Amino acid sequence: MKRRSLLKAGAILLGTANIRHVHAQNFLPPQDLKPFIEALTRGAPVRAGRVTMEMPAIAENGNSIPFLLRVASPMTPADHVKSVHIFAPRNPRPQVAAFQFGPHAPRAEVATRVRLAGSQKVLAIAAMSDGSFWSGELNIVVTAAACLDEALG
Amino acid sequence: MSSGLARLRVPESAQPGEIVEVRLLIQHDMETGFRRDMQGRAVPMNVITEVRARYGDQDVFRAELGSGISANPYLAFSIRAVKTGEIRVEWIDTAGVRGSVSAVLNVT
């Protein structure tokens, strides 16, 4: 390849890189959660139900949103929640958190505060001791996203 | 009950079998890695990746966290009071820095 055409190609590449950077200032589009769900369930079906989340319907700021997660389960040695996984499809890293409860856990419930990069539908999937998977979803409107300047960098 | 970096709250006492709430607050920036400092240098990601809670000699709660959890992470979970014992929470961040905090739950 001639030096000139090489430079030209490089300039085009740089150009696209700049455009991407400009886009990075905006909210990210939702990501496909399928690979994350697949890694968790290994193809097992996920049924809707038993998992509930509580968050404000509208958050002015995405940096610290009160978040409550609850899974309906008797929490006995025979029938309990093994783990719960939270996914935010518009976050640069959709895996927000995963929780496991021990034998002393009387209920599968946890409260925390999350960062959300924009309005989205948050998904939670619970893995039960019988091998079944249950999920819950919750929509939230975030008017100012958590900082993610470099998310697409 | 608390170190400078974290606070662990449990009720002063509980009856056997009672469900008690354990509340944990850790001072940590939970740096996402998507931010730049005043000189324009990228601030490397550093978040608490794992939190483990033990009650006596039992694991009672475990959390895997990431950049989707707010700075100064707050976690609240419940345990069933069995007997008087220490509740100890340990964590580690991306930089490998470990921390811990503990509190005693009196069961009478």
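1. M75(A) is buried, at a relative accessible area of 11% (buried is under 20%, exposed over 50% and partly exposed in between, with a 1.4 Å probe and protein chains only). Although M75(A) is not a glycine, its phi is positive, at about 50°. The residue sits in the loop that links β4 (65–71) and β5 of chain A; strands here are DSSP runs of E of at least two residues and helices are runs of H or I of at least four, both numbered from the N terminus.

2. This is a predicted model, in which local features need pLDDT of at least 70 and side-chain atom pairs count only at pLDDT 80 or more, whereas totals for chains, interfaces and linings use all residues. Residues are numbered from 1 along each chain as its sequence is written, chains are lettered from A and ligands numbered from 1 in the order in which they are written, and side-chain values use heavy atoms, without hydrogens and water.

3. A positive phi is also found at R50(A), about 65°, and this residue is not a glycine either. R50(A) belongs to the loop between β1 (46–48) and β2 (51–54) of chain A. R50(A) is partly exposed, with a relative accessible area of 28%.

4. Chain B contains 9 strands and 0 helices. Its C-alpha atoms occupy a box of roughly 55 × 20 × 20 Å along the principal axes. Of the contacts in chain B between residues at least 6 apart in sequence, 56% connect residues at least 24 apart, a contact being heavy atoms within 4.5 Å.

5. Of the 108 residues in chain B, 43% are buried. The chain exposes about 5600 Å², 46% of it from carbon and sulfur atoms (Shrake-Rupley method, 1.4 Å probe). Chain B carries 13 positive and 13 negative charges, whose mean positions are 2 Å apart; Lys and Arg count as positive, Asp and Glu as negative, and His and the chain ends are not counted.

6. The largest pocket has a volume of about 180 Å³. A pocket is an open set of points on a 1 Å grid, with protein on both sides within 12 Å along at least five of seven lines, and its lining residues have an atom within 4 Å of a point. The lining comprises 14 residues, and H85(A), Q95(A), A97(A), A98(A) and E64(B) lie nearest the centre. Two or more lining residues come from each of α2 (34–41), β5 (81–87) and β6 (95–101) of chain A and β6 (58–65) of chain B. The most, 4 residues, come from β6(A).

Terms used: Charge placed at Lys NZ, Arg CZ, Asp CG, Glu CD. 1 Å grid on protein atoms, 1.4 Å probe; cavity = no way out; pocket = protein on both sides within 12 Å on 5 of 7 lines; lining within 4 Å. Points joined across faces, edges and corners; volume = space filled by probe spheres on them.
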